[in-house]
Amino acid sequence: MMACCAVMMTASAKVRLPQMISDGMVIQQQTQVRLWGWAQKGRTVTVTPSWGAQPQRAVADKDGRWMVKVQSPKASFEPLSITFSDGEPVTVSNILSGEVWVCAGQSNMEMPVKGFGNCPVEGYNDVVIDAAANSGVRSLKIPSIMRMQPQEDAVCHWNLCTPGTVGEASATGYFFARLVSRTLHIPVGIIEANKGGSRVESWLTKENLERYTSEPTDTMGIVNFKPQWDYHRALVWGNGTFNPILNYTVKGILFYQGCSNVGDPGNQYSDRLKLLVQQWREQFALGDIPFYFVQIAPYECGDPNGDWSARLQEQQFRAQHIIPNSSLVCTNDLVYPYEKTQIHPTQKRQVGERLAYTALSRDYGFEGLCYKSPSYKDMVVKGDTVYLHLQDDYGAISRFEDMQGFEVAGSDRVFHPAKASHFWQPGGGYWDEAIIISSPEVKAPVAVRYCFRNFQLGNVANAAGLPLFPFRTDEW
């Protein structure tokens, strides 16, 4: 009986770790990595890394929580380990030091390499065949669960990239990680904390929702406010799915979300997205970590000729200018014509790789990379012709003739399809090199739009082949 009691006391004294601190994890290289867990109140926990960093100690507080910071080594494919002990050791093995990114958002970020039902990811078999060459890529999926209170742990584990496991990883996240890993020759870990159909409000804290929105934050209020689809609910997804990762040390956040906020009025979406990024940065307490996000793809949204989806895209474009250390990826060219009713387009490799171009250029020293999509700069009207100028074209526009996606309107505010082509005339004035736009139906142009409809595909790109952001010159 006494021996049994002793065993029970020893078991209860053993350090408990959050499940994301486990075998196979990737830690952020060359920084002070946070490690945490639970032990009996007042116990001293010693954390000893295998790579020779100074052991760290912490005393469990009144609730049993403890945390230490350990200096992590330079990125490497050499397996590492960490031992945690309050008298009985617990060792986490097969750790790699590298780069760690969060994959947040809704279903287009959640969408795995193997795809969803009737929603395939292009090139799946090629990815499976190639997976063994990318063993430095590892992923951890946080289960999508609703909770009224912030959760400190989640049922999860790290997946090593193999032909048998790669299909489960976020497609966008995996393609990002694969390119970064190959380019830098280091391990990359992705932490997937997302939920299909979620709104930006789904991830805001109770405090931010009550201060900046009219969203209810009590259980019945939340249920009654969004009674049809639980994935639209505010607060609960952040509490259950994102809060468990906030102690982890990461490099930055990748975000693909917006479809469920289509129709929001004015600047509400961009303002709330800025609020969310501020919240996450404060919660991670790692400074203004990078926030790179994806513009929603063309989708008919009930009417391909409507513009409510385009207005959300416009809000996303605004957001990148009001959120510090952020950048937006355009996907206007990554939808096939037959996908106008497909909310999950198949071309995910390009999405992930464009996010990788952004990170490689902005965070990893690849200054020669062209990662920005071109965007509208200004225009000049001369007679019945508009001379339109772009920025971030890197010195070239993709085509001289047959530019698709432009529309032009006069003072009657009726838009007509426009003919658009490259124009250059030495010494011709401010409009000497531009895109010239005209329509026989519009004799006195006032406004131009490009792909500013729910489903409208253009074909204009810059020197890097990156697509022109949808835009409008009017405020109608």
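**Terms and values**

Modeller: Glu 122 is partly exposed, with a relative accessible area of 35%. This is a predicted model, in which local features need pLDDT of at least 70 and side-chain atom pairs count only at pLDDT 80 or more, while totals for chains, interfaces and linings use all residues. Residues are numbered from 1 along each chain as its sequence is written, and side-chain values use heavy atoms, with hydrogens and water left out.

Biologist: Why is Glu 122 called partly exposed?

Modeller: Buried means under 20% relative accessible area, exposed means over 50%, and partly exposed is in between (1.4 Å probe, protein chains only). Glu 122 has 35%, so it is partly exposed.

Biologist: Where is Glu 122, and with which residues is it in contact?

Modeller: Glu 122 is in the loop between helix 2 (107-110) and helix 3 (124-130). Helices (H or I, at least four residues) and strands (E, at least two) are DSSP runs, numbered from the N terminus. Neighbours within four places in sequence left aside, Glu 122 is in contact (heavy atoms within 4.5 Å) with Tyr 336, Thr 346, Gln 347 and Gln 350. Glu 122 and Gln 347 are 225 residues apart in sequence, yet their C-alpha atoms are 5.7 Å apart in space.

Biologist: What makes the pair of side chains of Glu 122 and Tyr 336 a polar contact?

Modeller: A polar contact is a pair of N or O atoms within 3.5 Å; within protein, one must be able to donate a hydrogen and the other to accept it, and residues adjacent in sequence count only if both atoms are side-chain atoms. The side chains of Glu 122 and Tyr 336 are paired at 2.6 Å, so the distance meets the cut-off.

Biologist: How do you know that Ala 285 and Arg 413 are exposed?

Modeller: Ala 285 has 55% relative accessibility, so it counts as exposed. Arg 413, with a relative accessible area of 52%, is exposed too. Ala 285 lies in the loop between helix 8 and strand 12 (291-294), and its phi is positive, near 55°, though it is not glycine. Arg 413 lies in the loop between strand 16 (406-409) and strand 17 (415-417); its phi is also positive, about 65°.

Biologist: What makes the length of helix 9 agree with its number of residues?

Modeller: The expected span of a helix is 1.5 Å times one less than its number of residues. Helix 9 (residues 308-322) has 15 residues and should therefore span 21 Å, and its end C-alpha atoms are 21 Å apart. Its buried residues include Ser 309, Leu 312 and Gln 316. Helix 8, strand 12 and strand 13 (326-329) are among the elements that cover the buried residues of helix 9.

Biologist: Why are strand 3 and strand 6 said to pair?

Modeller: Two strands pair if DSSP finds at least two bridges between them. Strand 3 (residues 44-49) and strand 6 (residues 76-85) are joined by 4 bridges, so they pair; they run antiparallel. Pro 49 has Ile 82 as its bridge partner in strand 6. Strand 6 is also joined to strand 7 (residues 89-105), by 6 bridges, again antiparallel. There, Leu 80 has Ile 95 as its bridge partner.

Biologist: What makes a set of residues a nonpolar core?

Modeller: Such a core is a set of buried Ala, Val, Leu, Ile, Met, Phe, Trp, Tyr and Cys residues joined through side-chain atoms within 4.5 Å. The largest has 68 residues, and Trp 66, Phe 84 and Phe 242 are among those with the most contacts inside it. Helix 8 (residues 268-284) gives this core its largest share, 7 residues.
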